[in-house]
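Here are my comments on the model you asked me to look over.

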Amino acid sequence: MITTLAPARALAWIPRGLALGLLAFVIFGPLTNLGLWAVAEKWYFPHTLPLQYGFSFWERVFAPRSNAMASLATSVTIALLTVAACLAVSVPAGYALARLRLPWRGAILLAFLLPQAFPSVAVYINVARIFYTLGLNGTVAGVVLVHTVHGLVFSVWITAAAFAAVDRSLEEAARDMGAGPLRTFFGITLPLAAPGVMASSIFVFLESLDEFTGTYFVGVPDISTLPLLMFNAGMGGNFQIAAITALILLVPSVGFMLVIERFLKADVLAKVGH
Amino acid sequence: MSAPLPTEANRPAPFLRKGGGRDATALPVTAALPDWVWGVLLVLPALAMVALFFLYPLGLSAVSAFQGRDGGWTLANIAKAFELYSLDMAFTLAIVLLSSALVAVLSVAIGGYLTLGENRLAVTMLRWLYRWPLFIPFIVAAQMMRSFLAKNGLMNNLLIGGGIIEPLQAASLLDWRGVVVTFVWKQTPFVALMVAGAMASLDRSTIEAARDLGAGRLRILAEIVVPQVRPTLVVGLILSFVTMLSVMSVPMMINPNSPTMITVDMAYRINAHGDYGVANALGFVSYAMAGLVGWVYLRHGVRQGGAR
């Protein structure tokens, strides 16, 4: 039996290997192309690979007063402020959705999905129009507001799921021992829900860091985030600068992808959107 | 939203509550105000954000689509939008539908193999592989594809180098095909993750039973697994359908020339003409497309709920 099975097993690796290899090519081919552009000094048709490698474009990007460094600082500032704004409104909202009796609870949950459930370009056009009259166009505050609304679905839904996953008997035990509601919340509920809240913040941070369309309409002309810088470099045909900027954007994305499972446990994940 | 909510009302009364005078449904926050008032107060700031910075501009956009420059009601914007961009509307819908169909097939295949695959090494490799595009921003994906799929991009270079095509056959894929490739590349992991999660939480006994009865894996996937995860699959597809309708960077960078997607047209109307009327009319068309999908989903959901 074993002797006849072994070749069959080995043969099964041919389609499997082909499929996995093709998938790997499709996924990593474009990434490799980006990586090559980041270190290419000279590369033109019909050469398969760059003619000359080097880091002179990196020096330009990482020069202390370069546009890229300024855009990176703007991007990170906006993303952190967006996380703060999202947490400020969604920790109370998530707690209420998880623990308190709310009228129209399903509809309230859905309301936070709406900004993601409508095609957003026309909405941003009109946000820009409104912000123009308020003087918020081209300001960090305006962009943060746009990113916050977009990120609320992550922060509210995941925070609510995180609070719902906290064992209620622990809260009750604290209350029975005489802790007040606020003390119970900050001493028991919030620390236990912290990984989920952290996960929601990561999602919000990444959404904000990578956001393009809203910033494109609301941030003009003064706010240049990394995605806008990359867009302008790419459209201007400066593939090296675009590739290096794209790699800078990829680092947090891939890094967070590798750690997100540590924060987002299955018991929380199962409750998202419920 | 279907799961029973652990509200105070349906929770069994705690045994060990001190002060027996307080009734079992006492509030965790305070007794001074009714529970739901606290709930509403806590939710209100977040809801206000959505109302002010999403619902209000959304309403403004819908209203502006039907207003002329003088403020009167008119259908001229819609008429002009159709006159100038009806090809682009069809193009947009076709691209998004085709991409959604491809995403559906690929994500079911990936989820199915992760659930039913018998070779653990291959399953592990697939699990590691498929997620990479998930967290890669659209704009980065667009730039990557712009260089990868170009006439002198790495894909053609490798195909030529491998002797698969002749140099003269090398063609740029930077048109509708590039947009579809980028959308599918970016959205498949998202839907596959949702679908694989739903598949993993299925009751394995029906799968094992079918397997014992000699059903092949494809048949188990099509007849047992997919029907059970269909709600998750549909939600994932609708979310990515709307995402693809909203993403402006991908068509702008990969397919900027006509025919293109209406997101690009909207930006053009604003940037080149300051024409909010037609831009909002195009926006209205994009809402209609998303609304159509939502309507199909709701009908589908109601029918399913009725059958249950």
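The points below go from the whole chains down to one residue.

1. First, some housekeeping. This is a predicted model, where local features need pLDDT of at least 70 and side-chain atom pairs count only at pLDDT 80 or more, while totals for chains, interfaces and linings use all residues. Residues are numbered from 1 along each chain as its sequence is written, and chains are lettered from A, with ligands numbered from 1, in the order in which they are written.

2. Start with what each chain is built from. Chain A has 12 helices and 2 strands, whereas chain B has 11 helices and 0 strands.

3. Now look at the outline of chain A. Its C-alpha trace spans about 75 × 75 × 35 Å along the principal axes. The radius of gyration of chain A is 24 Å, while a compact globule of 274 residues would have one near 19 Å. That radius is taken over C-alpha atoms, and the globule rule is 2.2 Å times the number of residues to the power 0.38.

4. How much of each chain is buried? In chain A the share is 46% of 274 residues; in chain B it is 41% of 308. Here a residue is buried if 20 or more other C-beta atoms lie within 10 Å of its own, exposed if 12 or fewer, and partly exposed in between, with C-beta atoms placed from the backbone.

5. Chain A is split into domain 1 (13-54) and domain 2 (65-269), with bounds from an automatic or database domain assignment. Their C-alpha centres lie 33 Å apart. The contact between them takes 4 residues from domain 1 and 6 residues from domain 2; two residues are in contact if their C-beta atoms, placed from the backbone, lie within 7 Å. On the domain 1 side, helix 1 (residues 2-39) gives the largest share, 3 residues.

6. Next, the two chains together. Contacts between them involve 80 residues of chain A and 77 residues of chain B. Helix 1 of chain A supplies the largest share of the chain A side, 13 residues. That side divides into 56 nonpolar, 15 polar and 9 charged residues. (Ala, Val, Leu, Ile, Met, Phe, Trp, Tyr, Cys and Pro count as nonpolar, Asp, Glu, Lys and Arg as charged, and the others, Gly among them, as polar.)

7. Helix 8 (residues 181-210) bends by about 55 degrees at Ala194(A), with a proline, Pro195(A), following within four residues. Its end C-alpha atoms are only 38 Å apart, short of the 44 Å a straight helix would reach. Helix 6 has a kink of about 50 degrees centred on Gly151(A), and 23 of its 25 residues are buried. The bend is the angle between axes fitted to the seven residues ending at a residue and the seven starting there; the expected span is 1.5 Å times one less than the number of residues.

8. Finally, find Ser71(A) in helix 3 (residues 67-99) of chain A. Why does Ser71(A) count as buried? Because 21 other C-beta atoms lie within 10 Å of Ser71(A). Leaving out residues up to four places away in sequence, Ser71(A) touches Ser224(A), Thr225(A), Leu226(A) and Leu229(A). The C-alpha atoms of Ser71(A) and Leu228(A) are separated by 8.5 Å, with the two residues 157 apart along the chain.
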